[in-house]
Amino acid sequence: MKALLRSPAVFGLVALACGVAFVAFAEFRLSSFERTIIGLAGVNMILAVSLSFSNGLTGLFSLGHPAFMMVGGYVAAILTFPASRKSFMLPDLPGWLAGVEWALFPATLMGGLAAALVAVVTGFPVLRLRGHYLAVATLGLIIIARVIINNADGLTRGALGLSGIPRLTDLWWVLGWLAVTFLVTWRLKHSSVGRALLAIRENELAAACIGVHRSANRLAAFVVGAFFAGVGGALWAHLVTNLTPGSFDILLAFMLVVMVVIGGSGSLVGAALAAVMLSVVTELIRPIERELGAYGLVQITIAAILIAVLLLRPQGLFGSGEPVSRRPVEPIGRALKPASSNRQEVSQ
Amino acid sequence: MSAYLLQQIINGLVLGSMYALVAVGFSMIYSIVRLINFAHGDVVMIGALSTFFAFAVMGLPLWVTIPATVVIGAAVAALIDLLAFRPQRGAPQVNGFITSLGVSILIQNVAILLLTAQPRPLRLPSALKANLDLFGTRLSVLDGLIVASTVLALVVLTLFVRRTRLGIAMRATAENPHAAQLAGIPINRAIMTAFAVGGALAGFAGLMWGGRYGQVDPLMGFVPGLKAFVAAVIGGVGSLTGAVLGGYLLGLAEVMLVGFLPSDYGAYRDAFVFGLLILVLLVLPNGLLGQSSEDRA
């Protein structure tokens, strides 16, 4: 019985059942506005979990998630956009795209795949960088994506943004994709790939010496993260129903990073919980902000939470582990030697 | 055409001066604590805002406003170090970076909270706007002062770092903090000095930025901050000469891009800057004058 309680599969199924019950309640009882808020929180969970996987496990610090969301969001929105309005809103679309009007699922899938493709192409050069160099380079990806979308008027309507995207995303789709995100990242984390990634993170040289392919594994994690970012962007677009080049900005990248830090980098459940927590905090503070006219209060609170977590509990909620797991994820060496190699001394 | 070219070069030098001032601070902080301080751009914003308050709101003369701005920039940067970075010395590098991102968002939003995000006009005395005629090109007095005072500030900085006790302590800490500490150097004070000096330069740059473009707002520091980072990378992060060189190169390249390519490409200005960053990091990971490091590639 005790072993059963600690089993991730049981935990996952119970969580899924709770999710189904909650979504059923929300879909039947709550207003459209409330469902949008819950949907956005769900999309944030997808994004945070995928970022925790691709960043936390590998120790790579990418801020590029919003760029991939933009790719996924625009691709999916163009695919589902009503064909009757495409001809005058998006005149530069090639003929075979102008006529299509896809359903949500294939569109989100294509959005994710497009983002993954972009990640493969950009990942090759960018992933050779480390630490904050990678962070700034991927920040550059956001800006480059925004400038390109801004200037490709005929395909994206540029700075005007795409409005009137059909509202196809309901909470069932969000829950479904969240479950898929969890399943895929969890299986990968607890597979040889996940262990290879952790090995690279802890000691790159040692990992290389025992035959771990560093660049291939890193790229794989980056691409998986980008795929789910693309899916998240697509769901977002069909939930909010409009998309501008500024929809996914650096502030969003920051929020996602905060979720990963609070959850513990590499912890999937932690990231999901942190996403829920931050969404709740945001929605609690927003009315106060509006009441007082004190705009910026939400970001100030979140930045303060982040700094407090970094100072007081830098490993976040669960470190790199999960609340339930059959196998230890923390490298065993950590217990013996507190100062592990990724702790950089001030000197060098 | 040659007058046009000369005009573009002058514009590039003016923009480059401001990048250089900010980039030097970036580089100095990086060389001493191995931290890319994202909040550095926001010190530029604070400099511009305090200029706005001292000069436009309170009506103080410029000779009071300028030193006040510099002092405020230095104080804010030193305070950031004291409150956010000093408590986590020795933590993984990425933590410092995330913290600086948080500090940046915090500062921007406190400014929005207090002042709203609306841009406010900053008008410097009209004497500064007068145009000088220089070999058939036009150079405003302000632009001339920007270039001249940048050069002056950089000379003073070089003397400070080379000749004074505190400057030498800073360089020793950058070289090897443990050895510096053993030699009796108060490394926390040296680090804070680096932040303060970088902040002073950034505050000064903010004054010039706000004066040149005629308006200030709480989010104005972000793009110059990022571009100054790019400039520091081009020059080689950690090298002060490199940062200055990178600042001028980036300023010139950006102005040339806008000035000489068809106007359609002008919109790609920011994408160009970051494309250049990624390219430099890959081809020349240590920049023009930086020392090699394992972090970059």
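Here are some questions and answers on a predicted model with chains A and B.

Student: Let's start with chain A. How many helices and strands does its secondary structure come to?

Tutor: Happy to begin there. Chain A holds 348 residues, of which 48% are buried. Its secondary structure comes to 17 helices and two strands.

Student: What radius of gyration does chain A have, and does it agree or disagree with a compact globule?

Tutor: The C-alpha atoms of chain A fill a box of roughly 65 × 45 × 45 Å along the principal axes. For 348 residues, a compact globule would have a radius of gyration near 20 Å, so the value for chain A agrees with that rule. That value is 20 Å.

Student: Now chain B, please. How many helices and strands are there?

Tutor: Chain B has 297 residues, and buried ones make up 52% of them. Of its contacts with a separation of 6 or more, 75% are between residues 24 or more positions apart. The count for chain B is twelve helices and four strands.

Student: What radius of gyration does chain B have?

Tutor: Along its principal axes, the C-alpha trace of chain B spans about 60 × 50 × 35 Å. A compact globule of 297 residues would come out near 19 Å, and chain B agrees with this. Its radius of gyration is 19 Å.

Student: Which helix supplies the largest share of the side of chain A that touches chain B?

Tutor: The contact takes 41 residues from chain A and 41 residues from chain B. On the side of chain A, helices α7 (104-126), α8 (131-151), α14 (250-263) and α16 (297-312) each supply at least two residues. By class, that side has 27 nonpolar, ten polar and four charged residues. The largest share, 13 residues, comes from α8(A).

Student: At roughly what angle do helices α1 and α10 of chain B cross?

Tutor: The pair consists of α1 (residues 2-33) and α10 (residues 240-260) of chain B, whose axes come within 6 Å. The crossing of α1(B) past α10(B) is right-handed. Residues of this contact divide into 17 nonpolar, ten polar and one charged. The crossing angle is roughly 145°.

Student: How far apart are the axes of α2 and α3 in chain B?

Tutor: Helices α2 (residues 40-57) and α3 (residues 62-85) of chain B pack at about 145°, and α2(B) passes α3(B) in a right-handed crossing. Among the residues that meet are B:Val43 and B:Ile46 in α2(B), and B:Leu62 and B:Val64 in α3(B). The contact has ten nonpolar, six polar and no charged residues. The axes lie 9 Å apart.

Student: Is A:Arg157 buried or exposed?

Tutor: A:Arg157 sits in the loop between α9 (153-156) and β1 (162-163) of chain A, and has a positive phi of about 65° although it is not a glycine. Most residues other than glycine have a negative phi. With 20 C-beta neighbours inside 10 Å, A:Arg157 reaches the cut-off of 20 or more, so the residue counts as buried.

Student: And where does B:Thr116 lie?

Tutor: B:Thr116 also is not a glycine and has a positive phi of about 65°. Because B:Thr116 has 14 C-beta neighbours inside 10 Å, the residue counts as partly exposed. B:Thr116 lies in the loop between α4 (93-115) and β1 (120-121) of chain B.

Methods. Residues numbered from 1 in each chain as written. Chains lettered and ligands numbered in written order. Predicted model: local features only at pLDDT ≥ 70, side-chain atom pairs only at ≥ 80, totals over all residues. Rg over C-alpha atoms; globule rule 2.2 N^0.38 Å. Buried ≥ 20, exposed ≤ 12 C-beta atoms within 10 Å, placed from the backbone. Contact = placed C-beta atoms within 7 Å. Axes fitted to C-alpha atoms, helices over the stretch in contact; angles between N-to-C directions. Left-handed = near helix turned anticlockwise from the far one by under 90°. Nonpolar A, V, L, I, M, F, W, Y, C, P; charged D, E, K, R; others polar.
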